[in-house]
Amino acid sequence: MAKVFVITGPSGVGKGTLIRELRDRVPELELSVSATTRAPRPGEADGVDYHFLTPELFAARVGEGAFVEHAEYSGRRYGTLRAELDRRTSGGHPVVLEIEVQGARQVRSAMPEAVQIFIVPPSTDTLRQRLVGRGTDDDEQVAARLEVAVSELAAQDEFDYKVTNADLETAVAELVGIVRRESAASAPR
Ligand SMILES: Nc1ncnc2c1ncn2[C@@H]1O[C@H](COP(=O)(O)OP(=O)(O)OP(=O)(O)O)[C@@H](O)[C@H]1O
Ligand SMILES: Nc1nc2c(ncn2[C@@H]2O[C@H](COP(=O)(O)O)[C@@H](O)[C@H]2O)c(=O)[nH]1
């Protein structure tokens, strides 16, 4: 069985950046591409960064039971399509999901064997600086994301692992260690 890793934590903490670096070092690690109703950012491509769905199509897919988990975040919908996850796990390679905390909880119920990792920012100030520095969200969106971050940070002890993303290299090395250790532990002998 393919090992599933959930990487969660507040928006702007560096989940996407860490996963890119992690996949450079663990090339067999597959990324499950999420679905969302938010608009693509400059440079984002459909099917690569997200499956971009209209609100109507997303709702229809929810009705069909097509999602493993889904959640509303900052006024938009996000979710993991069962078909996407099945396709990624079918090769037997480890798979990573990058999702917010409500979705991570749903995955914990549906797939208790999945390894859940919470990424912690060095401080709330640093989180704000990263969100602002990324330049993808206006002031109102940054404030909304920081408000959600407060409750997400309060949930960090629910997760199997906590990794602080202060120095990028240190955090990536920690993630590589977790993925390699957990994958080896579940490999057939
Ligand atoms: N260790 C780090 N040190 C400094 N900057 C970082 C570090 N990790 C990530 N960043 C920067 O922080 C910003 C946010 O990172 P990223 O987009 O990866 O966050 P995210 O958690 O994936 O956000 P979202 O959940 O909104 O997708 C980016 O500009 C990224 O370059
Ligand atoms: N529950 C889910 N959350 C997801 C999924 N894909 C991404 N996300 C999370 O949403 C927020 C906002 O993302 P952004 O791309 O608009 O910055 C962030 O925390 C993501 O991790 C998903 O499939 N399910």
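Which side chain has an N or O atom 2.6 Å from an oxygen atom of ligand 2, along with the side chain of Tyr-50? Select Tyr-78: an N or O atom in its side chain is 2.6 Å from an oxygen atom of ligand 2.

**Before you click on**

This is a predicted model, where local features need pLDDT of at least 70, side-chain atom pairs count only at pLDDT 80 or more, and totals for chains, interfaces and linings use all residues. Residues are numbered from 1 along each chain as its sequence is written, chains are lettered from A and ligands numbered from 1 in the order written, and side-chain values use heavy atoms, with hydrogens and water left out.

Color the chain by pLDDT, the predictor's confidence in each residue, from 0 to 100. The chain mean is 96, and 99% of its residues reach 70 or more. The model scores ipTM 0.98 and pTM 0.97.

**Stop 1: ligand 2**

Show the residues near ligand 2, meaning those with a heavy atom within 4 Å of it. There are 17, and the closest are Ser-34, Arg-38, Tyr-50, Tyr-78 and Glu-100. By class, the shell holds five nonpolar, four polar and eight charged residues. Here Ala, Val, Leu, Ile, Met, Phe, Trp, Tyr, Cys and Pro count as nonpolar, Asp, Glu, Lys and Arg as charged, and the others, Gly among them, as polar.

Now pick Tyr-50. A side-chain N or O atom of Tyr-50 is 2.6 Å from an oxygen atom of ligand 2. Next, pick Glu-100. One of its polar side-chain atoms lies 2.7 Å from a nitrogen atom of ligand 2. The protein covers 96% of the 510 Å² of accessible area that ligand 2 has on its own (Shrake-Rupley method, 1.4 Å probe).

Switch to the cartoon. Strand S5 (67-73) and strand S6 (76-81) are the elements that give two or more residues to the shell around ligand 2. Strands are DSSP runs of E, at least two residues; helices are runs of H or I, at least four; both are numbered from the N terminus.

**Stop 2: ligand 1**

Move to ligand 1. It is surrounded by 15 residues, the closest being Ser-11, Lys-15, Gly-16, Thr-17 and Asn-165. The shell divides into four nonpolar, six polar and five charged residues.

Zoom in on Ser-11. A polar side-chain atom of Ser-11 lies 2.6 Å from an oxygen atom of ligand 1. Step to Gly-12, where a backbone N or O atom lies 3.0 Å from an oxygen atom of ligand 1. Then take Val-13: a polar backbone atom of Val-13 is 3.3 Å from an oxygen atom of the ligand. The protein covers 73% of the 640 Å² of accessible area that ligand 1 has on its own.

Last, select helix H1 (15-25) and helix H5 (124-134), the elements that give two or more residues to this shell. H1 gives the largest share, three residues.

Methods: Polar contact = N/O pair within 3.5 Å; in protein donor to acceptor, adjacent residues only side chain to side chain.
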